[in-house]
Every structure is written in structure tokens, then in C-alpha cells.
Amino acid sequence: MAAILELRELTAGYQGKAVLGPLSLTMESGTLGLLGPNGAGKSTLLKVLLGILHPISGSGMVAGFPLGSGHRLRRVIGYMSEADALIPGMTGIDYVSFAGELAGLSRRDSSRRAHELLHVLELDEARYRLLDEYSTGMKQRIKLAQALIHDPPLLFLDEPTSGLDPSGRDAMLDLLQTLHKNHGKSFLLCTHLLGDVERTCKDMILLSGGQVLLRERVASLSRTIPSEFRVRLLQIPPDSVLPNHWKPEGDGFLVHLGPKGGTSESSLADQNRVTEDTRLIWREASQIGAIVAHISPRHEDLRERFAQILAEAGGGKDLRGKKQSTSPGPTQIPGGPNE
Amino acid sequence: MSEFLREQGTPSMGDFLEYRPYRGRLRGPMSAVFAIARTSLALLFRRKLFWGLYLLGLIIFFLYFFGQYLLVWAGSQDSGQAIRVGPFARIPRKEMIDGLRNMLKMDGSPGMFHNFLQTQGSIVMVIFALAGAQLVGNDFRFRSFPFYFSKPIGILHYLLGKGLAAAVLLNMLTTIPALILFFQAWFLGDWSWSEGKFRLFVSILGYGAILTWGLVPLLLASSAGLTRTIPIAMFWIFSFLFLHGVAEGLVDRLGYPANWKALDLWNDICQVGSRILGVVVEAKNAPKQPDFSLVLGIVLTIPILSFIYLKIRLSRVEVLR
């Protein structure tokens with residue numbers, strides 16, 4: 001598959017001082033999550049990819065255009081910014097239509113396409129309302145509409161679910177998945193929320209201190225931890241004593257049955273081991289007279305894993321400039337698989 | 001309904017209107033300049049205040065328009081006849097013609113266009129002082145730049161678009177009405193087309209160009225720097241009223257050299273404009289004027305400095321944070 005994004009030994013920064021790279025990266029058509037703490041270099045990378053900032057060294061291609069080809073590069077990119085970036089006093093339809101004209105569409109095409117997009121994004125009822133009156137969810141959708149107006153093959157989405165309530169967030173992530181699956185849009189999702197990346201992206205990269213710390217398939221990140229189970233009990237008799245490997249956690253218990261090697265992914269042996277372990281937990285629970293209400297293998301906590309990776313790389317100490325003082329360190333990547 | 005659709009069931013509108021790829025051609029970034037200008041003007045004229053100010057500008061235009069007509073009409077009356085003005089007043093024909101021709105200069109001469117453009121220019125300055133925030137300042141205040149600069153346009157296209165909007169606004173009040181007055185004078189006159197008329201036509205365009213050159217970059221720069229209406233208005237009051245008073249006080253009252261009058265930017269622009277029109281400003285109106293080379297230097301330099309400031313200011317905009 002052709003690479004839609006390719007960076008080779010790219011270094012970028014400000015006033016000659018590098019804050020990103022050297023970075024080599026290839027993204028095939030698809031979806032890529034870009035994660036990292038504040039000051040990791042995410043915004044700098046996006047600036048370079050948008051052609052706003054020239055790299056200090058190295059080279060790269062975005063959708064067939066070399067980096068540094070300025071506004072020609074932005075013809076193949078749709079950018080949804082984190083900031084509102086709205087024009088007060090404008091209606092929704094005028095805003096999206098104006099975006100189309102800036103992107104090079106004729107006035108007629110732009111207006112027609114703006115109407116279509118606002119319908120697809122379920123904003124057709126609000127199209128003649130002023131942007132100032134839009135809710136956060138509507139603002140996010142109109143920002144997506146203006147990014148899609150010229151039908152770019154590649155989207156850069158900067159915190160697309162920022163400020164959305166859970167249902168709004170679900171709707172936005174579903175929409176992004178639909179755009180990828182049904183309409184072949186590739187996107188680079190820049191976010192602090194691991195859950196967003198897990199739901200929408202095939203691959204992810206973790207940036208810290210301007211370096212790629214981790215690049216993996218998202219599916220491979222969510223591993224099951226062998227011989228560890230989350231258990232919730234009902235009707236625990238008073239004065240009952242649980243075995244030592246039952247540790248209270250939240251409203252239930254974390255049961256660690258000791259290392260037995262291997263993982264519990266798909267082999268028959270692993271599946272048999274899970275069954276054995278489950279039986280053992282049932283038996284131990286029934287011995288004290290409790291009823292098992294819930295039992296599930298424990299998945300690796302991505303937050304913990306990323307925090308560990310960042311700590312190992314010194315990411316928590318390597319945050320730059322002003323943002324360092326406000327940064328809570330490696331644990332600032334909030335969210336997780338269950339977020 | 002066709003047989004096919006009946007068999008399939010009636011689809012809803014939503015079934016037809018799905019996301020569709022765009023198959024058309026994308027135009028170059030210069031086309032965005034016109035879109036920016038048009039949108040900026042549309043946003044400006046959504047406010048009733050600007051319609052009010054524009055109508056005020058048109059009142060002055062109609063004063064000149066009907067003044068020219070009145071002069072021609074008075075000239076066509078019997079020489080001994082007094083002309084009735086309103087229900088009671090009667091003005092001798094000769095006095096009326098002298099008043100319109102010599103005092104108000106509503107005779108289609110370069111002097112008339114100088115007066116007209118100078119008067120309209122002062123209304124343009126009021127409009128600009130109030131429009132700057134809407135045209136450019138709001139883009140800074142509301143962080144609209146990620147919207148503009150994530151599109152295939154650059155700083156130059158943005159500035160050209162905003163500048164074009166301001167230039168259209170200015171010329172709608174100055175050059176275009178002046179050209180209408182020019183053609184009116186031509187039609188009311190002898191319909192002959194001479195080299196002098198052509199020169200006057202070009203001079204009006206030249207005066208408009210000088211007003212545009214002198215005021216538009218300054219408007220963009222002051223709006224980019226100050227962003228809000230009140231500070232922008234104060235800057236314009238300082239530049240065009242306060243400095244005018246200072247220059248006049250220094251030269252005409254305190255006897256400083258005439259070159260101190262170059263502090264008055266509006267006077268400088270009008271000096272260059274009047275030179276283009278070939279009008280010698282009468283000594284009564286302008287007792288002492290600075291050297292023309294100094295005036296020309298200021299009129300050429302300030303917009304260039306404004307452009308340099310704009311370039312720096314816009315380059316420092318954080319498109320992405």
C-alpha cells in the first residue's frame with residue numbers, strides 16, 4: 001500500500017533549535033493516533049506536516065507532495081483544529097462554504113458541497129444559525145465539515161472530541177470510523193485520550209521529547225495479563241477470610257494466581273489455563289460462602305504502560321519550557337480502554 | 001414514481017444525500033483573495049452602523065451631484081432672472097452661479113474633485129476606524145487563523161483579500177462617486193472628449209489610488225496590532241486629528257518650519273492627491289506646506305512600514321498551539 005505520509009530523519013524546531021526529531025515515520029493509508037504529553041512535539045509535527053513550519057533538516061512526503069511545498073501541500077490535507085477557529089457573525093453554511101472557496105472550490109461548488117456536508121454531519125437544521133450560537137458538539141462537527149469541504153484524502157484531527165459529552169464523543173468517533181471505512185479517508189488523530197485512539201485508529205505512535213517512544217498496532221496494545229482476574233462477589237459472609245492473593249480493588253477484587261508463563265491470547269493451552277484459573281476462583285469463593293457476580297481476565301492498563309514507557313524514557317523530566325511546570329508528568333495521558 | 005422505485009420502496013432524502021467525493025477542479029490560491037474580500041465586506045455590512053455611515057457618504061455625493069446639476073440649470077436661465085430657492089428666498093442668478101462655481105467649485109473642475117475626495121476621505125477615515133476590528137482584528141481576537149492558514153493560502157493571499165475589502169470600501173465612497181460626478185459633468189457639458197478630460201479621468205483614478213495606498217495598509221496594520229474597535233479608533237484619532245492639530249499649531253501658531261506639517265498624514269495624502277489632480281491648493285486654505293518630496297516620502301514609506309509590520313505580526317501568529 002502506498003505511504004500517505006513519509007518522514008525521513010526529520011528535524012524541526014524554532015529559531016534553529018530542534019524540538020522534534022530526528023524522526024522517521026511512515027504511515028500507510030489508514031488511521032494513526034498521535035499521543036504524547038504536553039510539549040512532546042505533536043503540534044510542531046502537525047505544523048511541519050501542514051507546511052506552516054519548515055523542517056530544519058530531513059525530508060518527507062505528504063500524500064505525494066514534498067514537505068515545504070507550502071499551500072500546495074494543504075490542498076490534500078483537511079485540518080480540524082483544537083481551537084474553535086470560528087469567524088464570529090457568520091452562519092454555519094457561510095463558514096463551510098467560505099472554507100471551500102479558500103480551498104479552491106468555485107463559489108457554486110462550494111455552496112453545494114457545504115449543504116451536502118452539513119446534511120451528512122446532521123447540522124442541516126442549524127446551517128443558517130450564527131456560529132456564535134452553536135453548542136460545543138456542533139462546533140466540533142462544523143470544524144470537521146470545513147476540513148472535509150475539499151474532499152482531502154488525509155485529515156489531521158487535533159483533539160476532535162475535546163469538550164464533548166460522552167454521547168457527543170461517541171457520535172464523533174463513529175463518524176470518524178465511518179469516514180475511514182466507507183469513504184477511505186486517512187487520518188492522523190492527535191489526542192490525549194487513549195480511548196479515542198483505541199476506538200478509531202489502527203496504529204499509534206507515542207511522542208515524547210520530540211522522539212517516537214513507541215509505535216505499535218493499537219490491537220496489540222490491549223493485552224490480557226495472564227493469571228490475573230477482576231472478580232466481584234456478592235453476599236460475602238462477615239468475618240470470612242479470603243486467600244492472600246485476593247487483593248481488594250474498587251468494589252471487587254484483583255486475583256493474582258501467580259506466574260505460569262505465556263500469555264492467554266489464543267492458544268488452546270492458554271484457554272485451558274484460563275478455564276482452570278476461573279474454576280479455582282469459583283472454588284475459593286464458594287469456600288467462604290460468597291457468590292461470584294463477575295469474573296474477567298485483567299487487561300493491561302494502557303495508562304500504566306504509557307506512564308511506564310515515558311518514565312523509562314525520562315519523558316516526565318523531559319517536558320519542555322513553560323508547559324513543564326503545568327505538566328503532571330507521565331501520568332498525564334488520561335483515559336484508557338474503559339474510559 | 002417509476003416502477004423501479006415503487007418496487008424498491010421510497011427512499012428518504014437522507015439516502016440520496018450521503019458523503020460524496022468532490023470531483024471538480026481546485027483553483028489556485030488567488031481565487032481565495034476574492035472570497036476573503038467578499039466575505040469580509042459581507043460581514044461588515046451586516047452591521048447597520050456601516051450602512052448608516054455609507055449613506056452619510058452618499059449625502060455628500062448627492063450634494064455635489066445636484067450642485068453640478070443646479071449650476072448647469074442656473075446657467076440656462078434668463079440672465080436677469082432671480083432664482084427662487086424655497087418658498088421665500090430669491091437669489092440673483094449671477095450670485096448663485098458665482099457661489100456654485102467659485103465658492104463651492106461644483107463645476108466639474110479638478111478643484112471640485114479635490115474637495116469632494118478630501119471630504120469623502122474624512123468619512124472613510126471614520127468608517128475605517130470602526131471597521132478595522134471587524135475586518136482584521138477579530139481574526140486575532142477569536143483565533144480564526146487556524147481556519148485560514150490550514151487552507152491552501154498564504155499570508156500574502158490573506159492580506160490581499162483583506163486589503164481588497166478595505167480598498168473596495170474606500171473606493172465605493174471616493175473614486176466611484178467621483179467618477180460618476182466626472183461623467184455627469186461630461187454629460188452636462190458639451191459632450192466633447194479632450195485630452196484634458198482624459199487627464200482628469202486618470203487623475204481621479206490616481207487620487208483614489210493614493211488614498212488606497214495611504215490608508216488601507218495603515219488600517220490593516222493598526223487593526224492587526226490593536227485588534228479592538230476602541231484602541232483602533234483612538235489610534236486613528238491620534239494619527240489624523242491629534243497630529244493634524246499638533247502640526248497646525250507648530251507651524252501656523254508657533255512659527256516652526258513648514259516641514260513640521262508633514263506630521264499631519266492626512267494633509268500629506270491630500271497634498272500628493274492634489275498634485276496628481278493638478279490642483280494648486282490656495283494659500284488661504286494652506287498657508288504653509290512642507291516640501292513635496294518630504295510629503296511624498298512619508299506617503300510612500302508609511303504603507304511599506306505597515307506591510308513589514310503586518311508580515312511580522314502574521315508570521316508570529318500561532319496557527320497551532
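**View 1. Pairing of strands β7 and β8 in chain A.** In this predicted model, β7 (residues 154-158) and β8 (residues 186-190) of chain A pair in the parallel sense over five bridges. Phe156(A) stands opposite Leu188(A) in β8(A). Strands (E, at least two residues) and helices (H or I, at least four) are DSSP runs numbered from the N terminus, and two strands pair if DSSP finds at least two bridges between them. Local features need pLDDT of at least 70, side-chain atom pairs count only at pLDDT 80 or more, and totals for chains, interfaces and linings use all residues. Residues are numbered from 1 along each chain as its sequence is written, with chains lettered from A and ligands numbered from 1 in the order in which they are written.

**View 2. The open sheet of chain A.** Six strands with mixed pairing follow the order β6-β7-β8-β3-β9-β10. The edge strands β6 (77-80) and β10 (211-217) of chain A each pair on one side only. The twist averages 15° from one strand to the next.

**View 3. Helices on the sheet of chain A.** Helix α1 (residues 42-49) of chain A lies across β3 (31-35), β7, β8 and β9 (203-208), running at about 150° to β7(A). Helix α4 (residues 136-148) of chain A touches β6 and β7, and its direction makes about 165° with that of β6(A). Axes are lines fitted to C-alpha atoms, for helices over the stretch in contact, and angles run from 0 to 180 degrees between N-to-C directions.

**View 4. The contact of chains A and B.** Chain B contributes 33 residues and chain A 37 residues, where contact requires C-beta atoms, placed from the backbone, within 7 Å. On the side of chain B that touches chain A, α3(B) gives the most, with five residues.

How values were computed: Two residues are in contact if their C-beta atoms, placed from the backbone, lie within 7 Å.
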